[in-house]
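Me: I would like to check a few structural labels against their cut-offs. Please go through them one by one.

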Amino acid sequence: MDFYLLSADPAPAAIALLARKTREAGERLLVVAADLDLLETVSQTLWESAPEAFLANGIAGDEHDARQPILLSNEVDAVNGARFLLIADGLWREPGEGFSRVLFLFDDTTRDHARQTWKALQDREGMERKFWKQQSGRWVEGP
């Protein structure tokens, strides 16, 4: 379980970076957020972030969901076979079974909820928590 505090980059840019790393590792990704506008912005950012190596993706709800390497949805339902879950809006959702890694993005507006989530997960068996923050354009682990 990785907690990412957004401070320098907006969520879509940070998601593009994390999605690229996920795909480089050979994994599929499910990105979840309640706000359709955010999902649409993320989708566009993924397509345009690096024209030489775009990040193919789709918003859940059509017949090709299962084929998407990166699926954007408002529900935690990995119909694309993703083992990585990225919660993009700072609002915790139970991942359920099947995910090997959960990335939880939050900002100043959802910081209190992230703290509550961190505490709620501290005693969960088999779950290791890490905190990441942006520093000089990079993600660094730390308090």
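This is a predicted model: local features need pLDDT of at least 70, side-chain atom pairs count only at pLDDT 80 or more; totals for chains, interfaces and linings use all residues.

Me: Why is Thr117 called buried?

Reply: Buried means under 20% relative accessible area, exposed over 50%, partly exposed in between (1.4 Å probe, protein chains only). Thr117 has a relative accessible area of 6%, so the label buried applies.

Me: Which residues does Thr117 touch, not counting residues up to four places away in sequence?

Reply: Thr117 touches Phe3, Trp92 and Phe104 under that exclusion; contact means heavy atoms within 4.5 Å.

Me: What span does helix 2 reach, and what is expected?

Reply: From its first C-alpha to its last, helix 2 (residues 36–48) reaches 18 Å, close to the 18 Å expected for 13 residues at 1.5 Å a residue. The expected span is 1.5 Å times one less than the number of residues. Helices (H or I, at least four residues) and strands (E, at least two) are DSSP runs, numbered from the N terminus.

Me: What puts the buried residues of helix 2 on the same side?

Reply: Leu38, Leu39, Val42, Ser43 and Leu46 are the buried residues of helix 2. They cover an arc of only 140° around the axis, and therefore lie on the same side of helix 2. The arc is that of the directions from the helix axis to the C-beta atoms.

How values were computed: Residues are numbered from 1 along each chain as its sequence is written. Side-chain values use heavy atoms; hydrogens and water are left out.
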